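Subject: Structure handover

Hello,

Please find the structure below. My notes on its pockets, salt bridges and cores follow.

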Amino acid sequence: MQRIVGWCIVGAGLLSACGGGSVVSIQGAAPAGSPVGNPSLVVVTPPTPAAPAMVEREVAPAATDPAISTALEPHIAINPSPAVTARGRLFVHLPGTGGIPSRSRLILRTAASRGVHAIGLNYPNDRAVGELCNDSPEPDCHGQVRGEVFTGEDLSPLVSVAPAESITSRLARLLATLHAQFPAEGWGQYLAGGEPDWSRIRIAGHSQGGGHAAYIAKRKSVDRAIYFSSPGDWRSGTALPARWVLEPGITPAARQFGFTHLQDPLVTYATAAAIWQALGLGAFGSPATVDGAAAPYGGSHQLVTDAAPNPTATTVSPFHGAPVVDAATPRTSSGTPLFEPVWIHLCFD
C-alpha cells in the first residue's frame, strides 16, 4: 500500500515526500495549502522492512490462556530465518508420551532454517494411549481418547481434557499470543476465524504425538503429516489396527509420511508398517532405508533406518527416540543431525 508521508519542494513546481523510500509520481492537484500550484502529487512507498531475525522462544502455556492448568512445560516457537524465503507454512511437532517440546529442538531449528515457522507444542500426554486402551472393551477406545485430547470434547472416560487443554485450543492460543506480541513475524497467518488454519500446517509427532498427528490428518485437511516412530494404535487381542486408523480420512495419503527405526522396541517396525499400509502409504512404494541413500528415497512415503542411536543418549529407548528426539538422534562427524536430510525431505521440501 502506498501512503503520503510528507511534503517537500523539489525543483520547479514539484512536490516530493520527505524521507526515504521509493518515489512514485501521480498526476493531480497538490493538497490544500501546499506551497506550489498544481504540481505532481508524489507518494512515497516506505522501504520494505527487513525480515525479523530468527528467534527461538519458550512460551508458557498458561501465559497464552489462564484456563490451562496442566502440561505446563513451555511450548517452543521459532520464526523463519530471514536468510531464506518464508514459505508461508507452519510446522507443528507433538512430543511422545511424557515428552516435552524442548527435547526435540533440532527439527524445529531445521524447519526455521528452511523458511518454515516452527512450533513444538506441549499438551496433555502423561499416559500412553495404548496403555489406557489396552484393557478397554470399547472398540473405538483409541479414537475416543485421541479425539478428546485433540478437541477437548468429552469422548472418553479414560481421560479428562478440558477444551482449553486440548491440542486445538493450545495451538490457537499460542498462535494468537505470538501474533499479538510479534506481529511482524507472521504467526497470525496460521489462524482462520480464531482457529488453526490446518490447510497451512504441517503436523508431525513422535510416538504418541505421531499418533495424534495421524488422527488429526484423518479429520482435517493438513498440508502434510509426518509420523516418527508411530502410529502404534493396535486393538488389543486382535490382528487389526485401531478403528480410527481404518476410517476414511480427509488428508490424502500423498501428503502423509512415516519414519521409524527398525530396532524400535516400543512401536515395532511391524506395527508401524502395518498401520502405514492401512493409512495408504504403500501406494507410493515399499519401505525404503535412508541409510547410505539420498532423497527422494525412491519416492517412498515409508522410511526406515538401522543407524545406531547417539551413544550418549539417556532416553529410555534410544532406538525409539532416534528418528527425532535430540538426545537419541545420531550425529555426523561435524555434529549435525544425521537425519537432517530426511527431516528436510519429509517435512520441509
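The largest pocket holds about 770 Å³ of space. Of the 33 residues that line this pocket, Thr97, Ser207, Gln208, Leu266 and His320 are the closest to its centre. By class, the lining has 10 nonpolar, 19 polar and 4 charged residues. Helices α3 (129–133), α4 and α9 (318–321) each supply at least two lining residues. The largest share, 4 residues, comes from α3.

Before going on, the ground rules. This is a predicted model, in which local features need pLDDT of at least 70 and side-chain atom pairs count only at pLDDT 80 or more, while totals for chains, interfaces and linings use all residues. Residues are numbered from 1 along each chain as its sequence is written, and side-chain values use heavy atoms, with hydrogens and water left out.

Now the pocket terms. The search runs on a 1 Å grid over the protein atoms alone; a pocket is an open set of points where a 1.4 Å probe fits, with protein on both sides within 12 Å along at least five of seven lines, and lining residues have an atom within 4 Å of a point. Grid points are joined across faces, edges and corners, and the volume is the space filled by probe spheres set on the points. For the classes, Ala, Val, Leu, Ile, Met, Phe, Trp, Tyr, Cys and Pro count as nonpolar, Asp, Glu, Lys and Arg as charged, and the others, Gly among them, as polar. Helices (H or I, at least four residues) and strands (E, at least two) are DSSP runs, numbered from the N terminus.

The second largest pocket has about 200 Å³ of space. It is lined by 15 residues, with Pro124, Asp126, Val159, Ser160 and Val161 nearest its centre. Here α3 and α4 are the elements that give two or more residues to the lining. The classes are 8 nonpolar, 4 polar and 3 charged.

Next, salt bridges (a side-chain nitrogen of Lys or Arg within 4 Å of a carboxyl oxygen of Asp or Glu). The count is 11. One of them joins arginine 109 to glutamate 56, with the closest N and O atoms 2.8 Å apart. This pair links distant parts of the chain: arginine 109 sits in helix α2 (residues 105–113) and glutamate 56 in strand β5 (residues 56–59), 53 residues apart. Glu56, Glu58, Arg105 and Arg109 are linked in a network of salt bridges.

How exposed are the partners? The scale is relative accessible area: buried is under 20%, exposed over 50%, partly exposed in between (1.4 Å probe, protein chains only). Arginine 109 is partly exposed at 38%, and glutamate 56 is partly exposed at 31%.

Aspartate 233 and arginine 146 also meet in a salt bridge, at 2.7 Å, N to O. They are 87 residues apart, with aspartate 233 in the loop between β12 (224–228) and α7 (243–246) and arginine 146 in helix α4 (residues 141–151). Aspartate 233 is buried at 3%. Arginine 146 is buried, also at 3%.

Last, the nonpolar cores (sets of buried Ala, Val, Leu, Ile, Met, Phe, Trp, Tyr and Cys residues joined through side-chain atoms within 4.5 Å). The largest has 44 residues, and Leu90, Val92, Ile119, Leu171 and Ile203 have the most contacts inside it. Another core, of 29 residues, lies apart from it and includes Leu106, Ile107, Ala112 and Tyr297.

Best wishes
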